Amino acid sequence: MADTPSLRIVIIGAGIAGLTTAIALKHHPAIDIDNYERASELREIGASIALGPNGMRTLDKLGIQNALDESIAFRNESGHPMIYRHYKTNEVVSTDSHRGSVEYRHLTSRFYRAHLQQALLEHVDPSRVHLSKAFHSVSRDVTAGKLLVTFTDGTNTTADILLGADGIHSAVRRSFVATSAPTWTGWVAFRSVFPISHVSHIADLPDEAVHIWGPDRTLFLSRLGKDLFTVVGSSQTDPAAADAPYKDAVWDTDGDVNVLREYYQDWSPLVRAVVDAVPHTRVYPNTAAHAIDSWVLGDGRVTLAGDAAHAHGGAFAAGGSLAIDDAWAFAASILEVFPATTTAPSRIPSETDIARALRLYEKTRKEHTDRVLRTVHQGNRKKVARVGKVETDEELRARMKSREDPSWIHEHDVEATFLSVLAGEGKRAEEQARL
Ligand SMILES: Cc1cc2nc3c(=O)[nH]c(=O)nc-3n(C[C@H](O)[C@H](O)[C@H](O)COP(=O)(O)OP(=O)(O)OC[C@H]3O[C@@H](n4cnc5c(N)ncnc54)[C@H](O)[C@@H]3O)c2cc1C
């Protein structure tokens, strides 16, 4: 491909956003794409992750059917994306429902994150995923008309476009928007994934993913693929309190199952039996940041995707699907200015074309994810305001029933939004031509 003109896209991160983007563009004969990942190996880290119908549909569209497979994607047979149970009585108080028409294979699914990442990796050329490469900085090589991306080991590479898909603490985002570092929300998750054999003896073990709510905390239980089970406990404190427990906790570190058992000691016998059987747990302090003003950075050649673009901290279990839809929208925007043809294109997109592609991408995604962020921060403020308040059983039940209906997040149609943005552009061009 030495003499073939190509558009070089460098992606920072090989998480869900980074890998999905690489897959979405891999068939373009003149796009040259590499992922640079900080981790030294893509090993099994993380616990359960959910994908809504939006993410599942997009994976399907991109031909990533192995990720939809029953062996790794666990769906609630009832079709309810989530079922909310009472902490003492175990009765179902409330349910989420899909609003639009959702095919079975696109139903909300729970994964062991490592299974999902592995399914994505199967679609990527391993020689294009460069490990132990942590992003350091990006500058402009004016003579070459390219970006120069530098890594912390001192090496560098050039790019026409840089996509920061480097997660919630994105170094790419912070290098352009220094004030965008996420802060602790006061919420801590205690995540465990283990073989279901640890809990299969428990009578009434839920067959479906359930969120059990009590006055001061919640517990999430779900089966996962390959005979795994997940338990996610939680603690909410006021992050501003000087003595807030877990104030200095580090993300993804060993937790103490005895703390978990103490937290849930007054809950239903089912909950106590499950928590007693949890073999280990890990601690994940939750962080979040507000929306940034623009997704088009660095003279119109740098942008962001996934948690790097919208550090919402995993609320609504939406992070995976938002990342997948970002990847689709980024790829669709690039393909709009640089369509894949069977013959090598004679013209590489100009600076103006690239800036237009990144604007299209931003217009497709930013309004939606900004709304997600506003909703998340509003919810976080309410959670903190409740800390230390005594809630009656009636109030708890009312709160369970008056949750935000998250279907606008989980069933968002990224393709329809992209098409309407394109149509808007067409109309504007017509209007300008008439003037
Ligand atoms: C190890 C890990 C475990 C997780 N576990 C869970 C979980 O159990 N449940 C859940 O709901 N969500 C989890 N998440 C978050 C979840 O994956 C994301 O919210 C969501 O999938 C969005 O994906 P993303 O690609 O934007 O970000 P991520 O999945 O966070 O991927 C970002 C990638 O960028 C890499 N990276 C970070 N900084 C740099 C840098 N400076 N240079 C190069 N590469 C960099 C990271 O190593 C990572 O591979 C986890 C994330 C990670 C990284």
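A polar contact is taken here as a pair of N or O atoms within 3.5 Å, where, within protein, one atom must be able to donate a hydrogen and the other to accept it, and where residues adjacent in sequence count only if both atoms are side-chain atoms. By this criterion, five residue pairs, both members at pLDDT 80 or more, are in polar contact between domain 1 and domain 2. The structure is a predicted model, in which local features need pLDDT of at least 70 and side-chain atom pairs count only at pLDDT 80 or more, whereas totals for chains, interfaces and linings use all residues. Residues are numbered from 1 along each chain as its sequence is written, and side-chain values use heavy atoms, with hydrogens and water left out.

The domain assignment of the protein, whose bounds come from an automatic or database source, places residues 7-73, 113-181 and 289-434 in domain 1 and residues 184-288 in domain 2. The C-alpha centres of domain 1 and domain 2 are 28 Å apart, and 23 residues from domain 1 and 22 residues from domain 2 take part in the contact, defined by heavy atoms within 4.5 Å. The area buried between the two domains (accessible area, 1.4 Å probe, lost on putting two parts together and summed over both) is about 1,800 Å², with carbon and sulfur atoms giving 64%. Of the area that domain 1 buries against domain 2, 25% is supplied by Ala47, Ser48 and Val384, more than by any other three residues.

On the side of domain 1 that touches domain 2, helices α8 (351-386) and α9 (393-401) each supply at least two residues, with α8 giving the most, four residues; helices here are DSSP runs of H or I with at least four residues, strands are runs of E with at least two, and both are numbered from the N terminus. The residues of this side comprise ten nonpolar (Ala, Val, Leu, Ile, Met, Phe, Trp, Tyr, Cys and Pro), four charged (Asp, Glu, Lys and Arg) and nine polar ones, the polar class holding the others, Gly among them.

The structure as a whole holds 27 salt bridges. One of these joins the side chains of Arg140 and Glu351 at 2.9 Å, N to O, and links distant parts of the chain, with Arg140 in strand β9 (residues 135-141) and Glu351 in helix α8, 211 residues apart.

Methods: A salt bridge is a side-chain nitrogen of Lys or Arg within 4 Å of a carboxyl oxygen of Asp or Glu.
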